[in-house]
Amino acid sequence: MPESVDDLRFFTVVAASETLTAAARGLGCSLPVVSKRLAAMEQRLGVRLIRRGTRRLVLTSEGAALAKGIGPILTDVQRLEEEISGGSGDLRGTLVVESTLGIGRAHIGPLLGEFGARHPQLAIRLTTTPLPVSPHRRDFDVAIHVGPLHDSTLRMRRLARNRRVVCASPAYVREHGAPATVHELAGHNCILLRENHGDYALWRFGEGSEEFRVRVAGTLSSDDGDVVTGWALEGRGLIMRSTWQVAPLLKDGRLVRVLADVPTPNADVYALHAPADHVPARVTAVLDFLGERLPERLA
């Protein structure tokens with residue numbers, strides 16, 4: 001077995017990372033340090049844990065068995081630490097949060113800073129990504145996701161209500177008019193946000209069993225939501241964005257809604273975490289905090 005709990009935590013990060021470089025970033029150390037420590041573990045155990053020579057890390061059968069067995073051990077360690085320090089009421093340890101880029105930068109980051117100020121003994125690490133949450137990767141305590149995530153192995157808690165709306169600048173509407181129906185979107189320059197692995201040219205409308213999708217097209221696309229919104233503000237086309245992102249722009253008139261009478265599906269903001277008999281106090285605390293503060297901030 002590994003020599004210490006730190007070794008267990010170290011290998012948990014390595015096993016959940018796509019590359020050793022990514023693991024080094026997550027651990028806050030250099031690549032040579034990670035490689036040397038992993039080699040030392042393998043030598044001590046007498047087995048190969050990671051297959052090298054590929055573009056992505058691949059666990060050997062022994063490495064997969066070790067990664068699977070670590071989870072319950074670390075949960076027991078965390079429970080014991082909380083029982084020992086429970087009388088003080090202080091949160092300790094490390095809280096790892098993953099969030100999609102836009103809401104992570106605009107809201108989750110500032111809120112975690114506020115949460116950290118309330119719990120100075122807690123180390124908080126936030127990772128933002130333009131990609132949707134990967135349920136098979138569990139290198140986070142809490143993940144923030146916009147829209148439902150169809151994965152029954154994760155617990156989901158809604159933090160704030162949200163929808164996506166179609167909007168444009170007043171200048172664009174004056175020059176090109178506004179679509180009266182979703183079918184008229186075909187005659188407009190629709191700016192596309194390439195934010196996930198799905199077909200980003202399909203815009204969703206309707207609710208529940210009446211949900212439908214409309215294929216749109218345009219000359220501009222980006223994987224950066226701020227760039228897409230900036231193009232819309234410059235009058236270059238229509239965008240479909242979350243209300244949490246464009247509400248201030250709609251309020252001050254820099255953007256206007258189009259197709260406002262056509263409903264769109266819920267795209268609520270969720271927090272996700274792995275199911276467990278014992279949810280760490282730090283996870284429960286941050287979920288309660290975000291559930292209270294995020295709707296206030298968005299409003």
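Reply: Five strands form an open sheet in the order 4-3-5-14-6, with mixed pairing. Two strands count as paired here if DSSP finds at least two bridges between them. Strands (E, at least two residues) and helices (H or I, at least four residues) are DSSP runs, numbered from the N terminus. This is a predicted model: local features need pLDDT of at least 70, side-chain atom pairs count only at pLDDT 80 or more, and totals for chains, interfaces and linings use all residues. Residues are numbered from 1 along each chain as its sequence is written, and side-chain values use heavy atoms, with hydrogens and water left out.

Strand 6 runs antiparallel to strand 14 (residues 269-273), and 5 bridges join them. Within that pair, A160 stands opposite V269 of strand 14.

Which helix packs on this sheet? Helix 9 does, touching strand 3 (93-100), strand 4, strand 5 (142-146), strand 6 and strand 14. Contact means heavy atoms within 4.5 Å. The direction of helix 9 makes about 30° with that of strand 6. Axes are lines fitted to C-alpha atoms, for helices over the stretch in contact, and angles run from 0 to 180 degrees between N-to-C directions.

Helix 9 (residues 281-298) also packs with helix 5 (residues 101-118). Their axes are 10 Å apart, at an angle of about 130°. The two helices are therefore oblique to each other. On this scale, angles under 35 degrees are roughly parallel, over 145 roughly antiparallel, 65 to 115 roughly perpendicular, and the rest oblique. The crossing of helix 5 past helix 9 is right-handed. That label applies if the near helix is turned clockwise from the far one by less than a right angle; anticlockwise gives left-handed.

Helix 5 brings A106, H107, P110, L111, L112, E114, F115 and R118 to the contact. Helix 9 brings R282, A285, V286, F289, L290, R293, L294, R297 and L298. By class, the residues of this contact are 11 nonpolar, 1 polar and 5 charged. Ala, Val, Leu, Ile, Met, Phe, Trp, Tyr, Cys and Pro count as nonpolar, Asp, Glu, Lys and Arg as charged, and the others, Gly among them, as polar.

The model has 2 aromatic pairs. Rings of Phe, Tyr and Trp (its six-membered ring) pair if their centres lie within 6.5 Å; planes under 30 degrees apart are stacked, over 60 edge-to-face, and the rest tilted. F115 lies in helix 5 and F289 in helix 9, so the pair ties together parts 174 residues apart in sequence.

Strand 7 (residues 164-168) pairs with strand 13 over 2 bridges, in the antiparallel sense. C167 stands opposite R257 in strand 13.

Helix 1 (residues 5-16) packs with helix 3 (residues 31-45) at about 115°, with axes 11 Å apart. That makes helix 1 roughly perpendicular to helix 3.
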